[in-house]
Amino acid sequence: MKIEGKEQQSLWFKDDTLYFIDQRKLPEHIELFKATTVEQVSFAISEMVVRGAPAIGAAAAYGMVLGKEDIEKTADRLKRTRPTAYDLFYAIDHMISRIHAGDTPHDAADLYVQDIIQRCKNIGEHGSQLIKEGMRLLTHCNAGALATVDYGTALAPIRVAHHKKKNIFVYADETRPRLQGLLTSWELYQEGIPHAVIADNAAGYFMKNGDIDLVITGADRIAANGDFANKIGTYEKAVLAKENNIPFYVAAPISTFDQSIKTGKDIIIEQRSDQELRYYKDAMIMMDQTPVRNPAFDVTSSRYVTGFITEEGIKKL
Ligand code: MRU
């Protein structure tokens with residue numbers, strides 16, 4: 001991804017330190033968060049310094065390096081950070097098997113992360129074939145380079161289409177309560193891709209008016225039958241897309257496909273703190289006494305999915 005014109009990853013490991021672009025501070029400030037312990041990596045994942053399924057997996061892979069020889073304890077701590085994104089569990093289990101096979105943790109983590117970057121690049125190439133000249137796309141949350149180390153999942157095809165000089169326009173859902181749509185807008189701005197942020201509840205308006213040709217979202221966990229969990233609000237966008245005859249694609253690498261789960265009913269949905277709804281940054285926007293519910297993800301049935309854009313090509317499950 002470009003940041004102020006320079007190529008940059010969302011996280012990297014150097015001199016026994018894991019560096020993150022602190023996503024809590026964007027888009028106002030570009031600040032780094034440094035982790036040298038497993039506890040700091042766990043904090044970064046839980047508190048969303050780093051977020052997005054593949055990026056969480058990459059962070060956990062380096063967390064396994066910082067855990068040194070205490071493999072089981074480190075794996076257990078990291079797995080307790082967030083429950084929904086499968087990449088977290090996939091990356092940790094992959095690291096354990098590579099370490100048992102004799103790889104150094106550092107080499108295994110570097111390879112895992114390089115592999116994820118390449119997979120996202122391939123998702124971009126495959127998915128860009130769906131994007132025709134002049135198309136207007138909708139995306140939800142942030143499934144860009146910030147969420148994946150580089151390129152993105154849903155944003156990778158958009159990046160590639162833009163590099164191929166296709167004229168496109170992107171609608172980015174604001175994505176309450178954590179406003180990841182602003183991260184998407186920030187990434188698109190850095191790349192010079194024309195776009196607009198819309199309130200979450202505006203997507204139906206634009207779809208019905210014929211302003212959206214294609215929807216691409218990411219995924220946090222995909223069950224064997226193609227039901228998938230993604231950021232809260234994805235389900236309603238998928239239903240609206242079907243109602244308005246708009247193709248709905250899900251972009252994700254193999255590390256997001258959980259074959260051990262048959263249907264979406266078995267996916268654990270993370271419930272996050274009330275404070276995420278009650279406050280906008282430091283400003284309280286509802287009373288402390290106001291009861292709230294804050295599920296971070298929802299599950300969309302595979303019947304709403306036109307296809308899955310993977311590193312191996314476009315599939316229907
Ligand atoms: O809670 P988050 O911000 O980690 O949720 C992220 C999403 O839901 C993304 O859309 C998903 O991880 C796919 S990202 C490549």
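**Note on the predicted model: helix packing, sheets and domains**

1. Helix 4 passes helix 5 in a right-handed crossing; a crossing is right-handed if the near helix is turned clockwise from the far one by less than a right angle, and left-handed if anticlockwise. The contact (heavy atoms within 4.5 Å) involves Asp 87, Tyr 90, Ala 91, His 94, Met 95, Arg 98 and Ile 99 of helix 4, and Pro 105, Ala 108, Ala 109 and Tyr 112 of helix 5. By class, these are eight nonpolar, one polar and two charged residues (Ala, Val, Leu, Ile, Met, Phe, Trp, Tyr, Cys and Pro count as nonpolar, Asp, Glu, Lys and Arg as charged, the others, Gly among them, as polar).

2. The model is predicted: local features need pLDDT of at least 70 and side-chain atom pairs pLDDT 80 or more, whereas totals for chains, interfaces and linings use all residues. Residues are numbered from 1 along each chain as its sequence is written, and side-chain values use heavy atoms, with hydrogens and water left out.

3. Helix 4 (residues 86–100) and helix 5 (residues 105–128) pack at about 140°, with axes 9 Å apart. Axes are lines fitted to C-alpha atoms, for helices over the stretch in contact, and angles run from 0 to 180 degrees between N-to-C directions. The two helices are therefore oblique to each other (under 35 degrees is roughly parallel, over 145 roughly antiparallel, 65 to 115 roughly perpendicular, the rest oblique). Helices (H or I, at least four residues) and strands (E, at least two) are DSSP runs numbered from the N terminus.

4. An open antiparallel sheet is formed by three strands in the order 3-4-5; strands pair if DSSP finds at least two bridges between them. Strand 3 (11–14) and strand 5 (32–35) are at the edges with a single partner strand each, so one side of each lacks a neighbour in the sheet. The twist averages 25° from one strand to the next. Four bridges link strand 4 (residues 17–21) to strand 5, and Leu 18 has Ala 35 of strand 5 as its bridge partner. Helix 1 (residues 38–46) packs on this sheet, touching strand 4 and strand 5, and its direction makes about 140° with that of strand 5.

5. Strand 10 (residues 221–222) and strand 11 (residues 228–231) run antiparallel, joined by two bridges, with Ile 222 opposite Phe 228. Their hairpin has five residues between the strands, and Gly 226 takes a positive phi near 95°.

6. The chain is divided into domain 1 (2–120) and domain 2 (125–315), with bounds from an automatic or database domain assignment. Their C-alpha centres are separated by 22 Å.
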